[in-house]
Amino acid sequence: MRKLVLLAALALPLTAFAQDREPILLDIAQSHILPSYARLADTAQVLSETAKADCAPNSDALRAAYADAFDSWISVSHMRFGPSEVDDRAFSLAFWPDTKGFTPRALSRLIDDNDNAVQTAAEFAETSVAGRGFFALEQMLYDPAFADQGSAEYRCDLIRAIAADIAANATAIDTDWQTYAQSLTRTGENSRYRNDDEAMQEMFKALSTGLEFTADTRLGRPLGSFERPRPKRAEARRSARSLRHVELSLIALQDLALRLSADHPDVTEDFQAAFDRAIQRAQSLGDPNFAGVSTPEGRFRVEALQQTVSDIRRIANTQLGPALGIGAGFNSLDGD
Amino acid sequence: MTRFFAATSALTLCIASAAVADAPAKADVLANYANIAEAKYDDSLIAAKKLQAAVNALIENPSDATLNSARAAWLAARVPYQQTEVYRFGNAIVDDWEGKVNAWPLDEGLIDYVDASYGGPSDENEFAVLNVIANPSFELSGEAVDASEITPELLAETLHEADGIEANVATGYHAIEFLLWGQDLNGHGTGAGNRPWSDYAQGDDCTGGNCDRRAQYLSAATDLLVSDLEWMAAQWQDGGAARAALAENEAAGISAILTGMGSLSYGETAGERMRLGVMLNDPEEEHSCFADNTHNDHYYNGVGIQNVYLGTYTRIDGTPISGASLSDLVIASDPALDTEMKMKLANTMLALGLMKSTAEAGFAYDQMLERGNAGGEALIMGGVNGLVDQTKTIERIVTALELDQIEFEGSDSLDNPDAVFQ
């Protein structure tokens, strides 16, 4: 009998003090996710149309459209669940890190074979994700290795195919989110999320995984070790966007963190200060593609930035997680 | 109103379950988990010793028959080993060691001759075609290396992960696999690697050059595998470090079981090993690309996850091991959740089994990866979806057993910010 009483006592507080998650989930969907994916769809559409009008790799208009669309992706790329994972859309938009050089190989293969897949969107969508998306487009626009490989006509077709494929994936994610957003609050036995704790955990995971990716991958990969820095591993280094991606991701993650912690002002305050410090440090770093990691001075500055991101991670895991009563769960960065 | 009903029914469930089953002691669950680890690593060791004997026979008397026996012994050795991988991510002692025996993917040109289509040194790895078998001396990161004698020490201490590059895999199952099968040059076509036995013939019959050094390499790598497995098997015996670490904190120990199951299911097997290959359509982007044994790698990963949850394992000689299980623990707190977990594990095994049986019927894993091959993609993605789906339930168990916050303890980079600079 004592056991029953104890269990009842344990079961009750969970519901009695359950946090009402719905306002926060609605706010994140309406103000954080939906506008970001809408912007990605718009800028990706502009990119595709610009490529149709002018496919020269050094075209200012094309490079500007590429930069805008890539910015939009980085600002929403931490929302890796649901619509972004259908048909490998997110991987098709951005295959990175590329630890084995799949992207240059996939592009070379398409060009050398004069692969007809570039003529049809559906066929191109069947090809390797490494030859599609922003990182493939970056090599076509900025890497001298692809400036004269194959015929100019084929390279143009390939650039247009990549841009159109980016637009198609961005639009598909945006469209699906219109209905998926409702599943965040309409939880239940037969829904994607069994209860709003699970929906909330998804948001929390987006924050913690996004921070982990920026600290360990965006910053950690080029840092390498002190004896062996790896500047060539910096993200989008060819278009000198590496540091920009860190800054954009921090700005987007700050927005998410503040919304997630809305019911816990002390956590919000700590997030605000820690993110401000990290973003400010990123903005004053002045090393766009982290080439400086090879020098002790430059390395120190990037490590200092990484440290500020670690500070934010600590707030997320030791303050926000417990405040929300939510655990870290598993993410795709688990494993090696 | 719905909320009220949900709360009531949850309460009813709790009361009902209390009447149905008493929770096993966590210490018993952990002890059985460690017993199964001990048996699995011991089986891996026994199988590796059989491989070692077969490799010695191949080297002493190279022929088609001895090469085939060595290959068969390698395939058999993978069966228990892949089932141990569920111990990896939850137990630091395993994860720190694992790279010696099962590192993947590898730039095999580091070890031996490769086809011209393999390419040369890459942006990521300037030693991708070092070919140590053909080169008794070379320079590594500015230092001269004397490789005139290929020893276990040379492989483990100098060559493995040379230049800090993970793709420089000089030791373990996959290095041995490459030495037994060679590159699979069939692309998406039929067939695995086809290294001739004469690559080990001494004297004039030698093909591929440097047969004496190739034999030395194979022998050193196999000896190393045996000694590495010996070490790990000992860690799980009574008084071993792995067993002791698990017993330090019972809740953390239970959490380690779930971390191992979840990380292997999701990030590692479903993500890194299966989905990536489908997305890249690359015939060599498979776990055992030389032997074409990838379907078994994934299948036995799945078996390992399932048997750790159920707390039962059948040894390679047929001896059953069983005891208090995580499943028992879940039944005591939420029987419906236990049913859900068992069902999802079974679904995954059904999907992985379909992939395995289709591969065994002749439709190899690298053929499944071919661009536009919808049937192959469906076979692989069936396994991926099962693994992803079961991870969701593993997360629910973490929550149900109130282990949510465990992970936040003991993480170096989070608890001790200075550690990241060390």
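1. Start with what sits over helix H6 of chain B: the cover on its buried residues includes helix H3 (64-84), H4 and H7 of chain B. Keep in mind that this is a predicted model. H6(B) spans residues 173-181, and nine of its nine residues are buried, so the helix is largely enclosed by the rest of the structure.

2. Which residues of H6(B) are buried? They are B:Tyr173, B:His174, B:Ala175, B:Ile176, B:Glu177, B:Phe178, B:Leu179, B:Leu180 and B:Trp181. Just past the end of H6(B) comes B:Gly182, with a positive phi of about 75 degrees.

3. Now for two of the covering helices, H4 and H7 of chain B. The axes of H4(B) (residues 92-102) and H7(B) (residues 211-235) come within 10 Å, crossing at roughly 165 degrees. Angles over 145 degrees count as roughly antiparallel, which means that H4(B) is roughly antiparallel to H7(B). Their crossing is left-handed.

4. Who makes that contact? From H4(B) there are B:Ile93, B:Trp97, B:Lys100 and B:Val101, and from H7(B) there are B:Leu225, B:Asp228, B:Leu229, B:Met232 and B:Gln235. Sorted by class, the contact of H4(B) with H7(B) has six nonpolar residues, one polar and two charged.

5. Strands E1 (residues 137-140) and E2 (residues 143-146) of chain B pair in the antiparallel sense, over four bridges. One pairing to pick out is B:Ser137, whose bridge partner in E2(B) is B:Asp146.

How values were computed: Residues numbered from 1 in each chain as written. Chains lettered and ligands numbered in written order. Predicted model: local features only at pLDDT ≥ 70, side-chain atom pairs only at ≥ 80, totals over all residues. Axes fitted to C-alpha atoms, helices over the stretch in contact; angles between N-to-C directions. Parallel < 35°, antiparallel > 145°, perpendicular 65-115°, else oblique. Left-handed = near helix turned anticlockwise from the far one by under 90°. Contact = placed C-beta atoms within 7 Å. Nonpolar A, V, L, I, M, F, W, Y, C, P; charged D, E, K, R; others polar. Pairing = 2+ DSSP bridges. Buried ≥ 20, exposed ≤ 12 C-beta atoms within 10 Å, placed from the backbone.
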